[in-house]
Amino acid sequence: MRIVLDRARCEGHGLCEEAAPQLMHLDDDGELVLDREEADQADAALANAAARVCPVAALRVE
């Protein structure tokens with residue numbers, strides 16, 4: 001499974017980070033950083049939860 005971030009859409013709300021802190025974080029400038037772009041089956045639920053809570057739909061899981 002792959003986590004895809006649309007940087008142009010991302011506004012740095014941080015809701016995704018709260019949903020999946022093991023997979024992503026906000027840097028010092030408030031930019032989202034994917035710690036892992038590949039999510040295994042164990043992280044699939046977290047990745048999908050992060051994508052669902054993004055208010056600007058900047059994340060998707062493929």
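Which residues have the most contacts inside the largest nonpolar core?

## About the model

This is a predicted model, in which local features need pLDDT of at least 70 and side-chain atom pairs count only at pLDDT 80 or more, while totals for chains, interfaces and linings use all residues. Residues are numbered from 1 along each chain as its sequence is written, and side-chain values use heavy atoms, with hydrogens and water left out.

## The core

Ile-3, Met-24 and Leu-59 are the residues with the most contacts inside the largest nonpolar core, which has 16 residues. Such a core is a set of buried Ala, Val, Leu, Ile, Met, Phe, Trp, Tyr and Cys residues joined through side-chain atoms within 4.5 Å; buried means under 20% relative accessible area, exposed over 50%, and partly exposed in between, using a 1.4 Å probe and protein chains only. At least two residues come from each of β1 (3-5), β3 and α2, and α2 gives the most, with three. Helices (H or I, at least four residues) and strands (E, at least two) are DSSP runs, numbered from the N terminus.

Leu-34 sits in strand β3 (residues 32-34) and is buried, at 15% relative accessibility. Beyond its neighbours within four places in sequence, Leu-34 is in contact (heavy atoms within 4.5 Å) with Ile-3, Leu-5, Leu-23, Met-24 and Leu-59. Its C-alpha atom is 4.4 Å from that of Met-24, ten residues apart along the chain.

## A look at Ala-57

Now to a loop: Ala-57 lies between α2 (44-53) and β4 (59-61). Ala-57 is partly exposed, with a relative accessible area of 44%. Its phi is near 55°, a positive value in a residue other than glycine.
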